[in-house]
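Look at the sequence and the structure shown here together. The paragraphs below lead from single contacts to strands, a helix and some loops.

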Amino acid sequence: MKPSIYGLTQTELTDWLVNQGEKKFRATQIWDWLYQKRVLNFSEMKNLSKSLLEKLEENFILNPLKEIVVQESADGTVKYLFELEDKHMIETVLMRQKYGLSVCVTTQIGCNIGCSFCASGLLKKQRNLTAGEIVAQIMQVQHYFDERNEGERVSHIVVMGIGEPFDNYHNVMSFLTIMNDSKGLNIGARHMTVSTSGLVPKIKQFAKEPMQVNLAISLHAPNNDVRTKMMVINKAYPLERLMDAVDFYLAETNRRITFEYIMLSGVNDLPEHAEQLAELLKNKKKLSYVNLIPYNSVSEHDTYQRSTKKDIIAFYEILKKNGINAVMRQEFGTDIDAACGQLRSKQMKNKTKKAI
């Protein structure tokens, strides 16, 4: 399969053009067509020579995604199911926030982290997405608004879809670089967040990156016993090692970090769990906050139930009492298979039924 041209940074595109015997300035022209004018075909790049257009057609595709399903929620959330060139499917979600349009992107086909509550991990990792396939998710959403002439633009990105972003580190960093390019979509580094389940070496590597992209940790438990039952990765990187990496990140960047905490009834939402979490984070109060997330039920993981609103509030109050910054996440798209992986899962089931 030919790669998507969206996967090239502007520097990489310039190098490719020079190797093809083209002038460097052609990269600026192509970049403008891709990210400012946002053309859908190479043939629309009117100021390029016929020979250069032929080279682009021979070596690249533009959009590697085929739209399969688009679901629009009553709250304005839009969920997309895309098919890739190799027929695998991925999900992307657009959320309307008070501060702008935020898109949640997928970085892998399947996931090997094995979180016991998660729908996206039901399919084991098949492969990493290329940088072009990740960029194309943002471009597809932006085209969605361009076609409606609504004048809206994607302003924020969360790398929290299917897969573990730090297990696809190089492609994710290329994606962030392309999105941050001032001559492209120009999405600010502080408007982008990468979430990891806790790959300790990659957290330390990320701490040294020059781009000031936000980091979120999928924590979900205040002690090793509970976290290991929920997240297999805790066997490799228990909380002691994870918190050491977090301390390293905070010391290197002096940037605030988010701890994501999904609320599961009777599993991790008891008062003692809140006290343990406050103790775990007590030395990180100034540069961290906890995002309490209501659980989206998954039929394949029916042992887990959502915490009651009363229990979530009680948990929140204990954290606040201990000086821990915390928020209760607003829910989006609850009427359109909101949990990550649910739409793809449903589509795969439907295909299986039809085959039978």
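A polar contact is a pair of N or O atoms within 3.5 Å, and within protein one of the two must be able to donate a hydrogen and the other to accept it. The model is a predicted one. In this model, the side chains of Glu91 and Lys79 are joined by such a contact, at 3.3 Å. Glu91 belongs to strand β3, which covers residues 89-97. Is Glu91 buried or exposed? Its relative accessible area is 3%, and buried means under 20%, so Glu91 counts as buried. The UniProt record, an unreviewed entry, places the annotation "active site" on Glu91 and Cys340.

Cys111 sits in the loop that links β5 (108-109) to β6 (127-128). Cys115 is found in the loop between β5 and β6 as well. With a relative accessible area of 9%, Cys111 is buried. Cys115 has a relative accessibility of 16% and is also classed as buried.

Strand β9 spans residues 214-218, and four of its five residues are buried, which leaves the strand mostly covered. Strand β8 (residues 192-196) runs parallel to β9, and four bridges join them. Within this pair, Val194 stands opposite Leu215 of β9.

Thr196 is in strand β8, and its relative accessible area of 0% makes it buried. Which residues does Thr196 touch, leaving out those up to four places away in sequence? They are Glu164, Phe166, Ile203, Leu215, Ala216, Ile217 and Ser218. With Glu164, the side chain of Thr196 makes a polar contact of 3.0 Å. A polar atom of the Thr196 side chain also lies 3.4 Å from the backbone nitrogen of Leu199.

Helix α1 shows how burial can be arranged around a helix. Helix α1 covers residues 10-19, and its buried residues are Gln10, Leu13, Thr14, Trp16 and Leu17. Why can they be placed on the same side of α1? The reason is that they cover an arc of only 165° around the axis. An α-helix has 3.6 residues a turn, so residues three or four places apart point the same way. The exposed residues Thr11 and Asn19 are on the face of α1 turned away from the buried side. What do the buried residues of α1 pack against? Their partners are α2 (25-36) and α3 (50-59). Just after α1 comes Gly21, with a positive phi of about 80°.

Positive phi values also occur in residues other than glycine. Asn186 has a phi near 55° and is not a glycine. Asn186 lies in the loop between α5 (169-180) and β8, and a relative accessibility of 44% makes it partly exposed. For Asn254, phi is likewise near 55°, a positive value in a residue other than glycine. The loop that holds Asn254 runs between α9 (239-253) and β10. Asn254 has a relative accessibility of 56%, so it counts as exposed.

The last stop is strand β12, residues 326-328, where Met328 is found. Its relative accessibility is 40%, which means that Met328 counts as partly exposed. Residues up to four places away in sequence aside, Met328 touches Asn291, Leu292, Ile312, Ile313 and Tyr316. How far apart are Met328 and Ser265 in sequence and in space? In sequence, 63 residues separate them, and in space they are 16 Å apart, C-alpha to C-alpha.

Note on methods. Residues are numbered from 1 along each chain as its sequence is written. This is a predicted model: local features need pLDDT of at least 70, side-chain atom pairs count only at pLDDT 80 or more; totals for chains, interfaces and linings use all residues. Side-chain values use heavy atoms; hydrogens and water are left out. Buried means under 20% relative accessible area, exposed over 50%, partly exposed in between (1.4 Å probe, protein chains only). Helices (H or I, at least four residues) and strands (E, at least two) are DSSP runs, numbered from the N terminus. Two strands pair if DSSP finds at least two bridges between them. The arc is that of the directions from the helix axis to the C-beta atoms. Contact means heavy atoms within 4.5 Å. UniProt positions are given in the numbering used here, feature names are shortened, and annotations may be inferred rather than shown by experiment.
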